Amino acid sequence: MRLATWNVNSIRARVDRVIDFLERSGTDVLAMQETKCKDEQFPREAFEQAGYEVVTSGFSQWNGVAIASRVGITDVERAFAGQPGWGEDPVTEARALGASCGGVRVWSLYIPNGREIDDPHFDYKLRWLEALRAESARWLTEDPARPVALVGDWNVAPLDTDVWDIDVFAGRTHVTPAEREAFAAFAEAGYTEVSRQHLPAEHTYTYWDYQQLRFPKNQGMRIDFTWASPTLAVRVTDVSIERNERKGKGASDHVPVVLDIAEAA
């Protein structure tokens, strides 16, 4: 199975590019983030015409996650147990969508940005990550053999080499010790971040800001990852970052991360 994750940064603006990528890449399952539309606004017909089923979680023009699959979609969950809400009257945002596709439990995840270190959103981000870690650890405790893929835009750069210049990020989110510890805790929960096993550690980015010619200068960040459960991690045979998808008119500021997964033994 070929599984990809992609922050599409508005699916309605980029549906043609996404469908073209699916058809060219032979992707079986695509987890999308930042779809930026309500469920009823999602352009599902284009996916269905291409042979994919689609499930979505979108409440407004903000956030939004979706999964497209041509190998089946069952047992859909539009949040995980214990997922924190945001705001004075906390609302569960459209940031997590789970579904079983081709025998793999796929979670499309859009982790909160955090905004600024002294912003309440930063605390929300840390609470969100800890709640996800606790719940995903519980899944493995209940069923150690379960193949689970936690994929998406994590809004964390775990290593200094995951940004083009660590000095530029001094005092900013995405690189703080607290965020990196929250990210690393998924390894303690039993998961493996599989792209590290297949891709270079340095200058391997998944995101380039639209401003200041960041992409032509290759001033990017690596913030899109896959944490795989033990039985799934051993089945991952290759990982690629599709850098060319950042090129051309109407590109998202993120690119797909693609995993090739062998059949279960």
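1. First, a term: a polar contact here is a pair of N or O atoms within 3.5 Å, where within protein one must be able to donate a hydrogen and the other to accept it, and residues adjacent in sequence count only if both atoms are side-chain atoms. The side chain of glutamate 34 makes one with the side chain of asparagine 7, at 3.0 Å.

2. Ground rules: this is a predicted model, with local features needing pLDDT of at least 70 and side-chain atom pairs pLDDT 80 or more, while totals for chains, interfaces and linings use all residues. Residues are numbered from 1 along each chain as its sequence is written, and side-chain values use heavy atoms, with hydrogens and water left out.

3. An unreviewed UniProt entry puts "binding site" at Asn7, Glu34, Asp153, Asn155, Asp253 and His254. These residues span 248 residues in sequence, yet no two of their C-alpha atoms are more than 13.1 Å apart, so they gather at one spot. The lining of the largest pocket takes in Asn7, Glu34, Asp153, Asn155, Asp253 and His254. A pocket, on a 1 Å grid over the protein atoms alone, is an open set of points where a 1.4 Å probe fits, with protein on both sides within 12 Å along at least five of seven lines; lining residues have an atom within 4 Å of a point. Bear in mind that UniProt annotations may be inferred rather than shown by experiment.

4. Asparagine 7 sits in strand β1 (residues 2-7); strands are DSSP runs of E, at least two residues, and helices are runs of H or I, at least four, numbered from the N terminus. Asparagine 7 is buried, at 0% relative accessible area, buried being under 20% with a 1.4 Å probe, protein chains only. Leaving out residues up to four places away in sequence, its contacts (heavy atoms within 4.5 Å) include Glu34, Asp153 and His254.

5. Glutamate 34 belongs to the loop between β2 (29-33) and α2 (44-49), and is buried too, at 14%. Among the residues that glutamate 34 touches, not counting those up to four places away in sequence, are Asn7, Asn63 and Tyr110.

6. On to the sheet: 6 strands form an open, mixed one in the order β5-β6-β7-β8-β10-β9, with β5 (74-77) and β9 (192-193) at the edges, each pairing on one side only. Pairing takes at least two DSSP bridges. Strands β6 (residues 96-101) and β7 (residues 104-110) run antiparallel and share 6 bridges; serine 100 has arginine 105 in β7 as its bridge partner.

7. Lastly, aspartate 119 caps the N-terminal end of α3, with a side-chain oxygen 2.7 Å from the backbone nitrogen of histidine 121.

Terms used: Buried means under 20% relative accessible area, exposed over 50%, partly exposed in between (1.4 Å probe, protein chains only).
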